[in-house]
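Work through the following exercises with the sequence and the structure at hand. Each task is followed by a solution in steps.

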Amino acid sequence: ISDDNFATIVAGIEQGRVAYDNIRKVIYLLISTGAAEVVLVLLSLAAGLPLPLLPVQLLWLNLVTNGIQDIALAFEPKEGDVLERDPRSPTERIFNQLMIERTMVAAVVMGITGLLTFRWLLDTGWDEPAARNALLLLMVLFENVHLGNTRSETRSIFRMPPWKSPILLVGAAGAFLIHLGALYFPPAQLVLGTAPVDIGVWVTLAGIALILVAAMELHKVSW
């Protein structure tokens, strides 16, 4: 407006839409992962299982691994169709039907899958600390794959190469490497109850984490 240039107005609208999109993405990631932890803990207690994650482990998930990813997600580049969309209603809330529904789906999938994994580990002879350690790693893996899910509300994760968002890629890798260090760093092991896991456990947990990708892809197709 200040330079009386239509191109400047268009660019301003585009940047405003990108900023709004990224705010929604960060909120969605925060709320869905936090709700998943609530679902996991409540269902575990209702099923008479031991506490699946210790308070310090929940803090680790929310403040360290997830916290780094949230900051990186705020710098997500624009999607290609930003200016092609119809204007949103001024009265539309951030928590619209899509946001509420997708948050619930993600939280339920992560929470129930985490619960079933925890119970399976206990039933197969793992002690509680070892099962919690594996479950904590699974939740970190969930956060990493879910970060890819949040990059677009409509486009498939497979159509959005991670290298096109270098800040997000670095943030996801950084958060993962920090947790990887916690598995081997003795002081972190003492505080978080972590321990190294063998390659078979890594492969199994990574495969389980991909269930979330499948669920989110199906929801995007159905929406």
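**Exercise 1. The order of elements**

Task: State which pattern the protein chain follows along the sequence, and how many helices and strands there are.

Solution: The structure is a predicted model. Reading along the sequence gives α-α-α-α-α-α-α. The count is seven helices and zero strands.

**Exercise 2. The chain as a whole**

Task: Describe the box that the C-alpha atoms fill, and find what percentage of the residues count as buried.

Solution: Along the principal axes, the box is roughly 70 × 35 × 30 Å. The protein chain has 223 residues, and 45% of them count as buried. Its accessible surface is about 11,500 Å², with 71% belonging to carbon and sulfur atoms. Among contacts with a separation of 6 or more, 82% are between residues 24 or more positions apart.

**Exercise 3. The nonpolar cores**

Task: Find how many residues the largest nonpolar core has and which helix gives the most to this core.

Solution: The largest nonpolar core has 41 residues; Leu 53, Leu 135, Leu 138, Met 139, Phe 142, Leu 205 and Leu 212 have the most contacts inside it. At least two residues each come from H1, H2 (55-73), H3, H4 (128-149), H5 (166-184), H6 (186-192) and H7 (199-222). Helix H4 gives the most, with eleven residues. Now take Leu 53: leaving out residues up to four places away in sequence, Leu 53 touches Leu 40, Leu 58, Leu 61, Arg 132, Leu 135, Leu 136 and Met 139. Another core, of seven residues, lies apart from the largest one; among its members are Leu 29, Ala 72, Leu 73 and Ala 172.

**Exercise 4. The aromatic pair**

Task: Classify the pair formed by the rings of Phe 176 and Trp 202, and decide whether Trp 202 counts as buried or exposed.

Solution: The whole structure holds one aromatic pair. The ring centres of Phe 176 and Trp 202 are 5.8 Å apart. Their planes stand at 65 degrees, and the cut-off for edge-to-face is over 60, so the pair is edge-to-face. Because Phe 176 lies in helix H5 and Trp 202 in helix H7, the pair ties together parts 26 residues apart in sequence. Buried means under 20% relative accessible area. Trp 202, at 17%, therefore counts as buried, while Phe 176, at 22%, is partly exposed.

**Exercise 5. A patch on the surface**

Task: Name the residues of the nonpolar patch on the surface and the elements that give two or more residues to it.

Solution: The patch is formed by Leu 30, Ile 31, Phe 95, Ile 100 and Met 104, with about 440 Å² of accessible area together. Helices H1 (6-46) and H3 (97-123) are the elements that give two or more residues. Ile 100 is found in helix H3 and is partly exposed, at a relative accessible area of 38%.

How values were computed:
Residues are numbered from 1 along each chain as its sequence is written. This is a predicted model: local features need pLDDT of at least 70, side-chain atom pairs count only at pLDDT 80 or more; totals for chains, interfaces and linings use all residues. Side-chain values use heavy atoms; hydrogens and water are left out. Patches are made of residues with over 30% relative accessible area and no salt bridge: like charges are joined within 9 Å, nonpolar side chains (Val, Leu, Ile, Met, Phe, Trp, Tyr) within 5 Å. Accessible areas come from the Shrake-Rupley method with a 1.4 Å probe; for residues, only the protein chains shown count as cover. A salt bridge is a side-chain nitrogen of Lys or Arg within 4 Å of a carboxyl oxygen of Asp or Glu. Helices (H or I, at least four residues) and strands (E, at least two) are DSSP runs, numbered from the N terminus. Buried means under 20% relative accessible area, exposed over 50%, partly exposed in between (1.4 Å probe, protein chains only). A nonpolar core is a set of buried Ala, Val, Leu, Ile, Met, Phe, Trp, Tyr and Cys residues joined through side-chain atoms within 4.5 Å. Contact means heavy atoms within 4.5 Å. Rings of Phe, Tyr and Trp (its six-membered ring) pair if their centres lie within 6.5 Å; planes under 30 degrees apart count as stacked, over 60 as edge-to-face and the rest as tilted.
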